[in-house]
Amino acid sequence: MSTTLTMRRLIRLALSSDPRIEVVGEARDAVQAKEKIKELRPDVMTLDVEMPGVSGLQLLADLMTTTPMPVIMVSTETHRGSAAAVEALAIGAIDCLGKPTDAGKAEAFSALADMVVVASHARVTKRAPESLPTRSLSQDSFIWNGRYALIGSSTGGIEALERILNDFPKNCPPTVVVQHMPESFLANFAQRLNGKLLPTVQLATTGAPLLPGNIYLAPGGNTHLTISGQRNSPVCQLIEGEKRSGHRPSIDHLFDSASFLGDYAVSVILTGMGRDGADGMLRMRKTGSTCFAQDKDSSVVWGMPKAAYDNGAAERLVALGEMGRVILESCGRGSRRQARA
C-alpha cells in the first residue's frame with residue numbers, strides 16, 4: 001500500500017483486524033511500491049493518488065501495462081466521485097474509497113476490508129500502453145437499422161465501457177447505459193465520455209428521445225432509468241424507487257421497461273458482480289431482442305455476464321475487444337435481423 005505514514009497505519013489497522021486479509025507490506029512512494037510488488041507479489045494493493053514523485057494515477061497506469069493487479073484507490077482525491085476517481089476506474093482500479101481528512105477518523109475505512117476481499121476475486125489483465133484502441137468503424141460506413149443498444153455494467157465497467165464506446169461512430173445507434181456507481185461518479189463519467197468520444201454523451205432525463213448519435217447514461221441517485229413510448233419513438237424515463245437486485249440504477253429495471261422494443265433492441269451485460277440484468281435480459285430475449293454478454297476471459301468479474309448466460313438470456317458470449325463491433329453490426333444495415341425495412 002502506498003500513502004502517508006499516518007494513513008498507512010490506519011489502513012493497516014483496518015485491514016489487519018479482518019481475518020480474511022493479511023497485510024504483507026507498505027510503501028511510501030511509487031519507487032518503493034514497485035520494489036515491494038516485485039518482492040511480495042500481493043494479491044491486492046491500496047494506492048493513494050497523492051504521493052511524492054510519481055502520482056498514484058501514473059503508477060496505476062504503469063502497473064496495468066506491466067504488472068496488472070487489483071487496486072483499490074484510497075485518497076482525498078477520490079471523494080464524491082471526483083474526476084480523479086473516475087480516471088482511476090477508467091485506468092483499471094477496481095474501486096475507490098475516500099480517506100478521512102481528519103487522521104483520527106479511522107471508521108472511514110470500515111468498508112475497505114470488504115472492498116479488498118471483492119477485489120481479490122477480480123480478474124485484471126494487462127492493457128496496451130495506449131489508453132484506447134483505434135476506432136474500427138468510420139461514420140460513413142455505419143448506417144443505423146433502427147435498433148437500440150442497451151448496456152448494463154458494474155465492477156470493471158468504466159474501463160469496459162470506454163473501450164466499447166470508443167468504437168462507436170458519431171452517428172452511432174441510440175445507446176442507453178446503466179453503470180453501477182454513485183450519482184456523483186456518474187456525472188463525472190458522463191462528462192469524461194462526452195469529451196473523449198465522437199457521439200454525444202449525456203445523463204438521461206425524463207422525456208429525452210432516443211436518437212442516433214447519442215449515448216444516455218443513467219444518472220443514479222434515487223432514480224432508475226427506464227424506457228417508455230413506442231417502438232419507433234422511445235424516450236428515457238427516470239423513476240424513483242428502492243434498490244433492485246441490490247442496485248440503483250438497476251439494469252433489470254432498464255431491461256424490463258424495454259421489453260416492448262422486441263427485435264428493435266440489442267441488450268448487453270458487461271463485467272460485474274451479482275446477477276443484476278440477467279432476469280430482465282431473459283424477458284427481452286423472449287420478446288425478440290438480440291442479447292450478448294461479456295465473456296469470462298475479458299471480464300474483471302464474471303458474475304453478471306455468467307448469470308445472464310447460465311439462465312439462457314445471453315445468446316452469445318463476446319470478448320470485450322469485439323463487443324463494440326458486434327453491437328454496431330447488430331444495429332447497422334448489415335445485420336441479418338433488420339428492425340426496419
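Colleague: Let us begin with Lys296: buried or exposed?

Modeller: Lys296 counts as exposed, because its relative accessibility is 51% and the cut-off for exposed is over 50%. Please bear in mind that this is a predicted model.

Colleague: Where is Lys296 found?

Modeller: Lys296 sits in the loop that runs between strand E11 (290–294) and helix H10 (304–310).

Colleague: And which residues does Lys296 touch?

Modeller: Leaving aside residues up to four places away in sequence, Lys296 touches Arg123 and Trp302.

Colleague: Let us step back to the protein chain. How many helices and strands are there?

Modeller: The secondary structure of the protein chain comes to eleven helices and twelve strands. The chain has 341 residues, and 55% of them are buried.

Colleague: What about the surface and the contacts?

Modeller: The accessible surface of the protein chain is about 14,500 Å², with 49% of it belonging to carbon and sulfur atoms. Of the contacts between residues at least 6 apart in sequence, 73% join residues at least 24 apart.

Colleague: Now the sheet of seven strands. What is the order?

Modeller: The order is E6-E7-E5-E4-E10-E11-E12; the sheet is open and its pairing is parallel. Strand E6 (200–203) and strand E12 (316–318) stand at the edges; each has a single partner strand, so one side of each is left without a neighbour in the sheet. Direction ignored, neighbouring strands of this sheet are turned by 25 degrees against each other on average.

Colleague: Which helix packs on the sheet?

Modeller: Helix H11 (residues 320–331) packs on it, touching strand E4 (148–153), strand E10 (265–269), E11 and E12. The direction of H11 makes about 170 degrees with that of E11.

Colleague: How is strand E5 paired?

Modeller: Strand E5 (residues 175–179) pairs in the parallel sense with strand E7 (residues 214–217) over three bridges, and Val176 stands opposite Tyr216 in E7. E4 and E5 also pair in the parallel sense, over five bridges; here Ala149 stands opposite Thr175 in E5.

Colleague: How many residues of E5 are buried?

Modeller: Five of the five residues in E5 are buried, so the strand is mostly covered by the under 20% cut-off. Thr175, Val177 and Gln179 point one way from E5, whereas Val176 and Val178 point the other way.

Colleague: And the sheet of three strands? What is its order?

Modeller: This open sheet has the order E1-E2-E3, with parallel pairing. Its edge strands are strand E1 (45–47) and strand E3 (95–97), each of which pairs on one side only. The twist averages 25 degrees from one strand to the next.

Colleague: How many bridges join E1 to E2?

Modeller: Three bridges join E1 to strand E2 (residues 71–74), and the two strands run parallel. The bridge partner of Leu47 in E2 is Met73.

Colleague: A change of topic: how many disulfides are there?

Modeller: The count comes to zero disulfides. Among the cysteines, Cys96 is buried, with a relative accessible area of 8%, and Cys236 is buried at 1% relative accessibility.

Colleague: How many aromatic pairs does the structure hold?

Modeller: The structure holds one aromatic pair. Trp144 and Tyr148 form it, with 5.7 Å from centre to centre and 75 degrees between the planes. The pair counts as edge-to-face because the angle of 75 degrees is over 60. Tyr148 counts as buried, at 1% relative accessibility.

Colleague: Finally, the backbone. Which residues does a cis peptide bond join?

Modeller: A cis peptide bond joins Arg248 and Pro249, with omega at about 10 degrees. Pro249 is found in the loop between strand E9 (233–240) and helix H8 (251–257).

Colleague: Which residues have a positive phi although they are not glycine?

Modeller: Arg41 has a positive phi of about 50 degrees, and Ser245 has one of about 55 degrees. Most residues other than glycine have a negative phi.

Colleague: Where do Arg41 and Ser245 lie?

Modeller: Arg41 lies in the loop between helix H2 (30–40) and E1, and is exposed, with a relative accessible area of 67%. Ser245 is in the loop between E9 and H8, and counts as partly exposed at 38% relative accessibility.

Technical notes. Residues numbered from 1 in each chain as written. Predicted model: local features only at pLDDT ≥ 70, side-chain atom pairs only at ≥ 80, totals over all residues. Heavy atoms only, no water. Disulfide = S-S within 2.5 Å. Buried < 20%, exposed > 50% of the residue type's maximum accessible area, 1.4 Å probe, protein only. Phe/Tyr/Trp six-rings, centres within 6.5 Å; stacked < 30°, edge-to-face > 60°. Pairing = 2+ DSSP bridges. Helix = DSSP H or I, 4+ residues; strand = E, 2+ residues; numbered from the N terminus. Axes fitted to C-alpha atoms, helices over the stretch in contact; angles between N-to-C directions. Contact = heavy atoms within 4.5 Å. Areas by Shrake-Rupley, 256 points an atom, 1.4 Å probe, with all protein chains shown as cover.
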